[in-house]
Structure formats: structure tokens, C-alpha cells
Amino acid sequence: SRSVPARMWQRKRCCSPWHCKAVLAAILLTVSCLTCGAKPAKGPIAHDQPHSACSDAGFDEAMAKGIRKSKAGDTTASAACFSRAFSLNRNNLGAALYHGEALIRTGQLETAVEVLRWAVSLDSRATMAHLLLATAAQQRGQGELASASYQAALKLEPSNLAALVNYGIAE
């Protein structure tokens with residue numbers, strides 16, 4: 001039986017220690033286990049089987065599996081795959097956008113805002129980065145950030161329907 005060493009966890013034990021393993025990598029943002037909410041002492045959580053077939057995947061494989069799992073409606077598995085892809089290449093706009101969207105879908109809004117701010121910094125001309133950042137900010141109750149992000153999206157695409165409709169809601 002595999003288990004996570006006790007020193008990796010901050011007093012809170014995972015509901016099933018064998019389904020998570022701590023990955024000590026400085027390039028990822030610290031997130032909690034998508035299944036049980038346990039947080040590592042330091043470093044991010046990566047999911048082992050059965051939650052993710054992506055824990056050892058390369059960038060392209062993690063992205064492809066994430067997209068397939070997302071299309072199949074498996075939010076938890078797709079989020080783990082996009083997290084893996086983002087950890088392997090933080091400078092890939094697509095990985096940042098998919099990871100940010102997955103974080104929104106799994107309710108990890110604070111981390112989603114951080115990731116999507118990063119995506120905007122990668123390419124300030126990416127309308128989707130602004131729209132996703134606005135969505136995460138709006139769901140967190142950060143109206144000013146949401147409005148500013150919708151405005152940025154409208155500056156890039158004045159007829160973007162999602163930005164037009166949601167900007168009025170965020171105001």
C-alpha cells in the first residue's frame with residue numbers, strides 16, 4: 001500500500017492518502033487536492049490514479065488528455081491534466097487558459113485569478129484571457145477587476161457578445 005509521508009501534510013490527512021502525492025516543484029501554484037481538499041505542507045498536489053492519467057504525462061499528452069476528459073465531462077480529471085500541462089510549460093498561453101478555466105469549473109477561484117492574470121501577462125491581446133479573468137473575478141466578488149477585464153476584452157473586440165453582456169452585469 002502506498003501512502004503519503006505524514007510530514008508532507010499539515011495536520012490534515014487526506015481522505016485516501018494513496019490517491020494524492022505531493023510534488024515539490026516551484027513552478028506550480030500551490031493548490032489543494034480536487035477530491036478531498038487537503039493541502040500540502042509545501043509545493044503543489046499532483047493526482048495519482050484513479051484521478052489522473054496525466055501525473056506522468058508530457059506537455060502534449062497532458063493537454064490532449066485534458067481536452068478529451070473535458071469534452072467527456074470529467075471536470076476533475078481534466079483539471080488535473082491541465083494543471084500538469086501548465087506545470088510543465090507556464091509560458092504556454094493555451095495551457096494557462098485551459099488551466100484557468102478548469103480552476104473556475106472546480107471552484108478554485110483565487111488560484112484561477114492568479115493563473116489568468118499570468119495568462120494576460122503572457123499576451124495582453126488575448127481576448128479569452130481577459131474574459132476568463134473577468135469571469136473568475138466576478139465569481140469571487142471582485143467587481144472592479146471583472147469590469148476592467150471586460151473593458152479590456154471590449155477594447156480588443158468591441159462586438160464580443162460575452163463581454164458586452166457580462167460587462168453590464170459586472171457593473
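Let's start with L97. L97 sits in helix α3, residues 93-105. Keep in mind that this is a predicted model. Is L97 buried or exposed? Its relative accessibility is 15%. Buried means under 20%. So L97 counts as buried.

What does L97 touch, leaving out residues up to four places away in sequence? The list is L116, A119, M128, A129 and L132. Now take one distance. L97 and A126 are 29 residues apart along the chain. Their C-alpha atoms are separated by 9.8 Å.

Stay in α3 and go to H99. H99 is also part of this helix. Its relative accessibility is 4%, so H99 counts as buried. What is H99 in contact with, once neighbours within four places in sequence are set aside? The partners are A79, F82, S83, F86 and V115. Look at A79, F82, S83 and F86 again. Those residues belong to the part of α2 that meets α3. One more pair here: H99 and R84. They are 15 residues apart in sequence. In space, C-alpha to C-alpha, they are 8.9 Å apart.

Now the whole of α3. It has 13 residues. At 1.5 Å a residue, those should span 18 Å. The end C-alpha atoms are 18 Å apart, so the two values agree. Which residues of α3 are buried? They are A95, A96, L97, H99, G100, A102, L103 and I104. L97 and H99, our two examples, are both in that list. And what covers these buried residues? The cover includes α1, α2, α4 (109-122) and α5 (127-140).

Let's take two of those neighbours in turn. A word on how to describe them. Two packed helices are described by the angle between their axes and the distance between the axes.

Neighbour one is α2, residues 75-88. The axes of α2 and α3 come within 9 Å. They cross at roughly 145°. The crossing is left-handed. Which residues meet? From α2, we have T75, A79, F82, S83, A85 and F86. From α3, we have A95, A96, Y98, H99, A102 and R105. By class, this contact has eight nonpolar residues, three polar and one charged.

Look at α2 by itself. It has 14 residues. From first C-alpha to last it reaches 20 Å, close to the 20 Å expected at 1.5 Å a residue. How many of its residues are buried? The count is 10 of 14, so α2 is mostly covered. The buried ones are A77, S78, A79, A80, C81, F82, S83, A85, F86 and S87.

Pick A80 from that list. A80 lies in α2. Its relative accessible area is 10%, so A80 is buried. Compare A80 with K69. They are 11 residues apart in sequence. C-alpha to C-alpha, they are 10.0 Å apart in space.

Neighbour two is α1, residues 59-71. α1 and α3 pack at an angle of about 40°. Their axes are 12 Å apart. This crossing, too, is left-handed. Which residues of α1 meet α3? They are F59, M63 and I67. On the α3 side, the partners are G94, A95 and Y98. By class, that makes five nonpolar, one polar and no charged.

Now α1 by itself. It has 13 residues. It reaches 18 Å from first C-alpha to last, close to the 18 Å expected at 1.5 Å a residue. In α1, A62, M63, K65 and G66 are buried. What covers the buried residues of α1? Their cover includes α2 and α3. Just after this helix, find G73. There the phi is positive, about 85°.

Last, step back to the whole chain. How many helices and strands does it have? Seven helices and two strands. In order from the N terminus, the elements run β-β-α-α-α-α-α-α-α. The chain has 171 residues, and 44% are buried. Its accessible surface comes to about 8,900 Å². Of that, 51% belongs to carbon and sulfur atoms. Finally, take contacts between residues at least 6 apart in sequence. Of these, 48% join residues at least 24 apart.

Note on methods. Residues numbered from 1 in each chain as written. Predicted model: local features only at pLDDT ≥ 70, side-chain atom pairs only at ≥ 80, totals over all residues. Heavy atoms only, no water. Helix = DSSP H or I, 4+ residues; strand = E, 2+ residues; numbered from the N terminus. Expected span 1.5 Å × (residues − 1). Buried < 20%, exposed > 50% of the residue type's maximum accessible area, 1.4 Å probe, protein only. Contact = heavy atoms within 4.5 Å. Areas by Shrake-Rupley, 256 points an atom, 1.4 Å probe, with all protein chains shown as cover. Axes fitted to C-alpha atoms, helices over the stretch in contact; angles between N-to-C directions. Left-handed = near helix turned anticlockwise from the far one by under 90°. Nonpolar A, V, L, I, M, F, W, Y, C, P; charged D, E, K, R; others polar.
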